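Here is a short briefing on one protein chain.

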Amino acid sequence: MRAFEPDNTILITGGAGFIGYHLSKRLLELGTRRVVGFDNMNDYYDVQLKKDRLAELTENDRYEFVAGDLADAAMIRQLFEQFHPDVVINLGGQAGVRYSIENPESYIQANIVGFFNILEACRHMPVKHLLYASSSSVYGGNDKVPFSTEDKVDRPVSLYAATKKSDELMAYAYCKLYGIKATGLRFFTVYGPMGRPDMAYFKFAKKIMEGQPIQVYNNGDMMRDFTYVDDIVTGVVNIISNPPEEDSLGAAYKVYNIGNNKPQKLMDFITILEKCLGRTAIKEYLPMQPGDVYQTYADVSELMKDYGFKPDTSLETGLARFAEWFKAYYHYE
(Lines give C-alpha, C1' and ligand atoms only; values in the text may rest on other atoms or scores of the structure.)
Protein backbone atom coordinates (compact mmCIF):
# COMPACT_ATOMS: atom_id res chain seq x y z
CA MET A 1 0.00 0.00 0.00
CA ARG A 2 1.21 3.49 -0.85
CA ALA A 3 1.96 6.02 1.86
CA PHE A 4 -0.23 9.09 2.12
CA GLU A 5 0.42 11.56 -0.70
CA PRO A 6 0.09 15.17 0.52
CA ASP A 7 0.53 16.79 -2.91
CA ASN A 8 -3.19 16.67 -3.69
CA THR A 9 -6.24 18.86 -3.68
CA ILE A 10 -8.82 17.00 -1.61
CA LEU A 11 -12.49 17.94 -1.76
CA ILE A 12 -14.53 17.02 1.32
CA THR A 13 -18.29 17.37 1.11
CA GLY A 14 -19.95 17.73 4.47
CA GLY A 15 -16.83 19.70 5.29
CA ALA A 16 -18.43 21.55 8.22
CA GLY A 17 -19.70 18.29 9.67
CA PHE A 18 -18.31 16.24 12.53
CA ILE A 19 -16.14 13.79 10.59
CA GLY A 20 -15.47 16.34 7.86
CA TYR A 21 -13.98 18.75 10.40
CA HIS A 22 -11.74 16.16 12.05
CA LEU A 23 -10.61 14.73 8.71
CA SER A 24 -9.84 18.19 7.30
CA LYS A 25 -7.84 19.03 10.41
CA ARG A 26 -5.78 15.83 10.11
CA LEU A 27 -5.13 16.33 6.39
CA LEU A 28 -3.91 19.87 6.97
CA GLU A 29 -1.61 18.61 9.75
CA LEU A 30 -0.22 16.06 7.29
CA GLY A 31 0.65 18.85 4.87
CA THR A 32 -2.01 18.30 2.21
CA ARG A 33 -1.53 20.92 -0.49
CA ARG A 34 -5.15 22.06 -0.42
CA VAL A 35 -8.32 20.95 1.36
CA VAL A 36 -11.62 22.23 0.02
CA GLY A 37 -14.68 21.93 2.24
CA PHE A 38 -18.22 21.99 0.84
CA ASP A 39 -21.35 22.09 3.00
CA ASN A 40 -24.88 23.48 2.86
CA MET A 41 -24.76 24.48 6.56
CA ASN A 42 -28.31 23.26 7.15
CA ASP A 43 -30.01 23.60 10.53
CA TYR A 44 -30.57 19.88 11.20
CA TYR A 45 -28.51 20.63 14.30
CA ASP A 46 -26.92 23.75 15.81
CA VAL A 47 -25.35 25.74 12.97
CA GLN A 48 -23.08 27.57 15.41
CA LEU A 49 -21.19 24.34 16.04
CA LYS A 50 -20.57 24.04 12.29
CA LYS A 51 -19.41 27.65 12.16
CA ASP A 52 -17.01 27.05 15.04
CA ARG A 53 -15.52 24.04 13.27
CA LEU A 54 -15.02 26.11 10.13
CA ALA A 55 -13.57 29.03 12.05
CA GLU A 56 -10.73 26.79 13.19
CA LEU A 57 -10.16 25.24 9.77
CA THR A 58 -10.15 28.53 7.85
CA GLU A 59 -7.25 29.79 9.96
CA ASN A 60 -5.10 27.61 7.70
CA ASP A 61 -4.39 29.21 4.32
CA ARG A 62 -4.42 25.79 2.63
CA TYR A 63 -8.10 25.37 3.51
CA GLU A 64 -10.95 26.79 1.44
CA PHE A 65 -14.66 26.55 2.11
CA VAL A 66 -17.57 26.76 -0.32
CA ALA A 67 -21.20 26.86 0.79
CA GLY A 68 -23.62 24.98 -1.46
CA ASP A 69 -26.03 22.11 -1.83
CA LEU A 70 -25.10 18.64 -3.09
CA ALA A 71 -28.45 18.44 -4.88
CA ASP A 72 -27.51 21.46 -7.03
CA ALA A 73 -25.91 19.82 -10.07
CA ALA A 74 -24.69 23.09 -11.58
CA MET A 75 -23.03 24.01 -8.29
CA ILE A 76 -21.23 20.68 -8.10
CA ARG A 77 -19.96 21.04 -11.69
CA GLN A 78 -18.72 24.54 -10.89
CA LEU A 79 -16.99 23.27 -7.75
CA PHE A 80 -15.08 20.61 -9.72
CA GLU A 81 -14.21 23.05 -12.52
CA GLN A 82 -12.87 25.60 -10.03
CA PHE A 83 -10.76 23.31 -7.86
CA HIS A 84 -10.00 20.23 -10.02
CA PRO A 85 -9.82 17.90 -7.00
CA ASP A 86 -7.48 14.91 -7.12
CA VAL A 87 -9.44 13.11 -4.43
CA VAL A 88 -13.10 13.49 -3.42
CA ILE A 89 -14.38 12.39 -0.01
CA ASN A 90 -18.17 12.53 0.06
CA LEU A 91 -19.21 12.88 3.70
CA GLY A 92 -22.10 15.18 2.84
CA GLY A 93 -25.71 14.06 3.02
CA GLN A 94 -28.59 13.95 5.44
CA ALA A 95 -27.69 12.04 8.59
CA GLY A 96 -29.84 10.41 11.24
CA VAL A 97 -32.01 7.30 11.32
CA ARG A 98 -35.05 8.63 13.18
CA TYR A 99 -35.18 11.90 11.24
CA SER A 100 -35.55 9.88 8.02
CA ILE A 101 -38.97 8.79 9.30
CA GLU A 102 -40.01 12.39 9.92
CA ASN A 103 -38.52 14.03 6.82
CA PRO A 104 -37.87 11.41 4.14
CA GLU A 105 -37.61 13.81 1.19
CA SER A 106 -34.45 15.43 2.54
CA TYR A 107 -32.72 12.02 2.39
CA ILE A 108 -33.63 11.49 -1.23
CA GLN A 109 -32.36 14.93 -2.20
CA ALA A 110 -29.11 14.85 -0.20
CA ASN A 111 -28.17 11.17 -0.22
CA ILE A 112 -29.46 10.02 -3.61
CA VAL A 113 -29.60 13.10 -5.87
CA GLY A 114 -26.59 14.68 -4.16
CA PHE A 115 -24.41 11.59 -4.49
CA PHE A 116 -25.53 11.13 -8.10
CA ASN A 117 -24.25 14.66 -8.80
CA ILE A 118 -20.89 13.78 -7.24
CA LEU A 119 -20.66 10.63 -9.36
CA GLU A 120 -21.51 12.57 -12.52
CA ALA A 121 -18.85 15.17 -11.72
CA CYS A 122 -16.27 12.41 -11.15
CA ARG A 123 -17.33 10.84 -14.44
CA HIS A 124 -16.80 14.00 -16.48
CA MET A 125 -13.85 15.43 -14.51
CA PRO A 126 -12.00 12.29 -13.40
CA VAL A 127 -10.38 12.07 -9.97
CA LYS A 128 -7.74 9.67 -8.62
CA HIS A 129 -10.05 8.29 -5.96
CA LEU A 130 -13.60 8.82 -4.72
CA LEU A 131 -14.28 7.86 -1.12
CA TYR A 132 -17.79 8.13 0.29
CA ALA A 133 -19.55 7.64 3.61
CA SER A 134 -21.84 4.67 3.89
CA SER A 135 -23.08 3.42 7.25
CA SER A 136 -23.40 0.42 9.52
CA SER A 137 -27.15 1.01 9.08
CA VAL A 138 -27.01 -0.86 5.75
CA TYR A 139 -26.81 -4.12 7.73
CA GLY A 140 -30.38 -3.48 8.87
CA GLY A 141 -32.06 -6.57 10.23
CA ASN A 142 -29.05 -8.88 9.85
CA ASP A 143 -28.79 -11.39 12.67
CA LYS A 144 -25.25 -12.63 11.95
CA VAL A 145 -22.51 -10.82 13.82
CA PRO A 146 -19.98 -9.40 13.39
CA PHE A 147 -21.24 -7.58 10.29
CA SER A 148 -19.06 -8.36 7.29
CA THR A 149 -18.82 -6.48 4.01
CA GLU A 150 -19.51 -9.86 2.40
CA ASP A 151 -22.93 -10.06 4.07
CA LYS A 152 -26.14 -9.62 2.14
CA VAL A 153 -27.55 -6.17 2.94
CA ASP A 154 -31.00 -6.02 1.38
CA ARG A 155 -33.15 -5.61 4.52
CA PRO A 156 -32.87 -1.93 5.51
CA VAL A 157 -35.03 -0.91 8.46
CA SER A 158 -34.91 2.83 7.73
CA LEU A 159 -34.96 5.05 4.66
CA TYR A 160 -31.59 6.39 5.76
CA ALA A 161 -30.13 2.88 5.48
CA ALA A 162 -31.79 2.38 2.10
CA THR A 163 -30.22 5.59 0.75
CA LYS A 164 -26.78 4.53 1.92
CA LYS A 165 -27.08 1.13 0.27
CA SER A 166 -28.33 2.89 -2.87
CA ASP A 167 -25.17 5.00 -2.83
CA GLU A 168 -23.07 1.84 -2.79
CA LEU A 169 -24.98 0.41 -5.75
CA MET A 170 -24.71 3.63 -7.76
CA ALA A 171 -20.99 3.87 -7.01
CA TYR A 172 -20.40 0.33 -8.23
CA ALA A 173 -22.26 1.02 -11.49
CA TYR A 174 -20.20 4.15 -12.14
CA CYS A 175 -16.97 2.30 -11.38
CA LYS A 176 -17.92 -0.40 -13.87
CA LEU A 177 -19.23 1.90 -16.59
CA TYR A 178 -16.89 4.88 -16.40
CA GLY A 179 -13.67 3.71 -14.76
CA ILE A 180 -14.11 5.64 -11.53
CA LYS A 181 -12.12 4.25 -8.59
CA ALA A 182 -14.33 4.34 -5.49
CA THR A 183 -14.23 3.14 -1.90
CA GLY A 184 -17.26 3.01 0.37
CA LEU A 185 -16.77 3.47 4.11
CA ARG A 186 -19.31 1.92 6.45
CA PHE A 187 -18.91 3.94 9.65
CA PHE A 188 -20.05 2.52 12.99
CA THR A 189 -21.52 4.92 15.62
CA VAL A 190 -18.90 7.67 15.56
CA TYR A 191 -18.42 9.83 18.67
CA GLY A 192 -15.99 12.40 20.04
CA PRO A 193 -15.32 16.13 20.59
CA MET A 194 -17.06 18.59 18.24
CA GLY A 195 -19.58 15.82 17.59
CA ARG A 196 -23.17 15.82 16.38
CA PRO A 197 -25.78 17.07 18.88
CA ASP A 198 -28.39 14.72 17.39
CA MET A 199 -26.43 11.65 18.48
CA ALA A 200 -27.52 9.80 21.63
CA TYR A 201 -24.27 10.28 23.58
CA PHE A 202 -24.40 14.04 22.96
CA LYS A 203 -28.05 14.27 24.04
CA PHE A 204 -27.27 12.15 27.08
CA ALA A 205 -24.42 14.48 28.10
CA LYS A 206 -26.57 17.60 27.82
CA LYS A 207 -29.44 16.14 29.82
CA ILE A 208 -27.16 14.63 32.45
CA MET A 209 -25.46 17.99 33.01
CA GLU A 210 -28.83 19.75 33.22
CA GLY A 211 -30.42 17.18 35.53
CA GLN A 212 -33.01 16.09 32.98
CA PRO A 213 -33.99 12.44 32.35
CA ILE A 214 -32.33 10.64 29.44
CA GLN A 215 -34.40 8.39 27.17
CA VAL A 216 -33.02 4.86 27.17
CA TYR A 217 -34.57 2.87 24.34
CA ASN A 218 -35.37 -0.84 24.34
CA ASN A 219 -35.10 -0.58 28.12
CA GLY A 220 -31.33 -0.29 27.73
CA ASP A 221 -30.95 -3.67 26.01
CA MET A 222 -28.92 -2.53 23.00
CA MET A 223 -25.31 -2.85 21.87
CA ARG A 224 -23.28 -0.53 19.68
CA ASP A 225 -19.83 -0.60 18.13
CA PHE A 226 -18.90 2.90 19.34
CA THR A 227 -15.98 4.25 17.29
CA TYR A 228 -13.87 7.24 18.32
CA VAL A 229 -13.60 9.87 15.62
CA ASP A 230 -9.77 9.87 15.49
CA ASP A 231 -9.86 6.17 14.61
CA ILE A 232 -12.32 6.88 11.82
CA VAL A 233 -10.02 9.59 10.46
CA THR A 234 -6.95 7.32 10.61
CA GLY A 235 -8.85 4.67 8.65
CA VAL A 236 -9.86 7.17 5.97
CA VAL A 237 -6.35 8.64 5.67
CA ASN A 238 -4.89 5.16 5.22
CA ILE A 239 -7.25 4.51 2.32
CA ILE A 240 -7.04 7.86 0.48
CA SER A 241 -3.87 7.10 -1.50
CA ASN A 242 -4.87 3.51 -2.24
CA PRO A 243 -7.71 3.28 -4.76
CA PRO A 244 -9.02 -0.26 -5.22
CA GLU A 245 -7.92 -2.66 -7.91
CA GLU A 246 -10.43 -3.79 -10.53
CA ASP A 247 -12.57 -6.79 -9.63
CA SER A 248 -13.50 -9.65 -11.97
CA LEU A 249 -16.06 -7.43 -13.72
CA GLY A 250 -13.59 -4.59 -14.23
CA ALA A 251 -14.91 -2.31 -11.48
CA ALA A 252 -12.32 -0.61 -9.24
CA TYR A 253 -14.58 -0.72 -6.20
CA LYS A 254 -14.20 -1.63 -2.51
CA VAL A 255 -16.16 -1.30 0.73
CA TYR A 256 -14.68 -1.30 4.24
CA ASN A 257 -16.19 -1.39 7.69
CA ILE A 258 -14.60 1.15 10.04
CA GLY A 259 -15.75 0.26 13.54
CA ASN A 260 -14.30 -0.53 16.93
CA ASN A 261 -14.88 -4.29 16.52
CA LYS A 262 -16.02 -4.39 20.15
CA PRO A 263 -19.74 -3.75 20.75
CA GLN A 264 -20.59 -2.24 24.11
CA LYS A 265 -23.80 -2.54 26.10
CA LEU A 266 -25.73 0.72 26.09
CA MET A 267 -26.00 0.69 29.90
CA ASP A 268 -22.22 0.27 30.24
CA PHE A 269 -21.75 3.18 27.84
CA ILE A 270 -24.02 5.35 30.00
CA THR A 271 -22.14 4.36 33.17
CA ILE A 272 -18.81 5.40 31.64
CA LEU A 273 -20.29 8.68 30.38
CA GLU A 274 -21.67 9.42 33.87
CA LYS A 275 -18.22 8.85 35.36
CA CYS A 276 -16.55 11.12 32.79
CA LEU A 277 -19.08 13.91 33.37
CA GLY A 278 -19.05 13.47 37.13
CA ARG A 279 -22.86 13.27 37.28
CA THR A 280 -25.49 10.53 37.55
CA ALA A 281 -28.18 10.24 34.88
CA ILE A 282 -31.91 10.14 35.57
CA LYS A 283 -33.08 7.34 33.29
CA GLU A 284 -36.41 6.98 31.50
CA TYR A 285 -36.77 3.51 29.95
CA LEU A 286 -38.68 3.29 26.66
CA PRO A 287 -39.39 0.64 23.99
CA MET A 288 -37.35 0.23 20.80
CA GLN A 289 -37.86 3.07 18.34
CA PRO A 290 -38.77 2.59 14.66
CA GLY A 291 -35.65 2.32 12.50
CA ASP A 292 -33.38 1.24 15.37
CA VAL A 293 -31.50 -2.06 15.44
CA TYR A 294 -30.54 -4.11 18.49
CA GLN A 295 -26.83 -4.41 17.75
CA THR A 296 -24.01 -3.17 15.53
CA TYR A 297 -20.70 -5.01 15.38
CA ALA A 298 -18.03 -4.43 12.73
CA ASP A 299 -15.93 -7.14 11.14
CA VAL A 300 -12.77 -5.17 10.30
CA SER A 301 -10.72 -8.07 8.95
CA GLU A 302 -10.43 -6.43 5.50
CA LEU A 303 -9.16 -3.21 7.06
CA MET A 304 -6.64 -5.23 9.07
CA LYS A 305 -5.56 -7.28 6.05
CA ASP A 306 -5.04 -4.29 3.77
CA TYR A 307 -3.73 -1.69 6.23
CA GLY A 308 -2.75 -3.45 9.46
CA PHE A 309 -5.08 -1.09 11.28
CA LYS A 310 -8.26 -1.30 13.28
CA PRO A 311 -9.90 1.24 15.59
CA ASP A 312 -8.90 0.63 19.19
CA THR A 313 -9.63 3.74 21.28
CA SER A 314 -11.40 2.59 24.44
CA LEU A 315 -14.70 4.08 25.55
CA GLU A 316 -13.03 5.26 28.74
CA THR A 317 -10.46 7.24 26.76
CA GLY A 318 -12.79 8.49 24.05
CA LEU A 319 -15.62 9.56 26.35
CA ALA A 320 -13.17 11.30 28.69
CA ARG A 321 -11.94 13.40 25.77
CA PHE A 322 -15.50 14.12 24.69
CA ALA A 323 -16.61 15.06 28.21
CA GLU A 324 -13.67 17.42 28.66
CA TRP A 325 -14.50 19.20 25.40
CA PHE A 326 -18.25 19.19 26.05
CA LYS A 327 -18.03 20.82 29.48
CA ALA A 328 -15.60 23.47 28.23
CA TYR A 329 -17.55 24.26 25.04
CA TYR A 330 -20.90 24.61 26.79
CA HIS A 331 -19.44 26.16 29.98
CA TYR A 332 -20.59 23.48 32.38
CA GLU A 333 -18.91 23.40 35.75
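The model is predicted. In it, the chain has 11 helices and 13 strands.

**Overall dimensions**
- The radius of gyration of the protein chain is 19 Å.
- A compact globule with 333 residues would have a value near 20 Å, so the chain agrees with that expectation.
- Along the principal axes, the C-alpha atoms fill a box of roughly 55 × 45 × 40 Å.

**Packing and surface**
- Of the 333 residues in the protein chain, 55% are buried.
- Among contacts with a separation of 6 or more, 83% come from residues 24 or more positions apart.
- The accessible surface of the protein chain is about 14,200 Å².
- Carbon and sulfur atoms account for 50% of that surface.

**The Arg196 site**
- Arg196 sits in the loop between β7 (190-191) and α7 (200-210).
- Is Arg196 buried or exposed?
- Arg196 has a relative accessible area of 18%, and buried means under 20%, so Arg196 counts as buried.
- The side chains of Arg196 and Asp198 are joined by a polar contact of 2.5 Å.

How values were computed
Residues numbered from 1 in each chain as written. Predicted model: local features only at pLDDT ≥ 70, side-chain atom pairs only at ≥ 80, totals over all residues. Heavy atoms only, no water. Helix = DSSP H or I, 4+ residues; strand = E, 2+ residues; numbered from the N terminus. Rg over C-alpha atoms; globule rule 2.2 N^0.38 Å. Buried < 20%, exposed > 50% of the residue type's maximum accessible area, 1.4 Å probe, protein only. Contact = heavy atoms within 4.5 Å. Areas by Shrake-Rupley, 256 points an atom, 1.4 Å probe, with all protein chains shown as cover. Polar contact = N/O pair within 3.5 Å; in protein donor to acceptor, adjacent residues only side chain to side chain.
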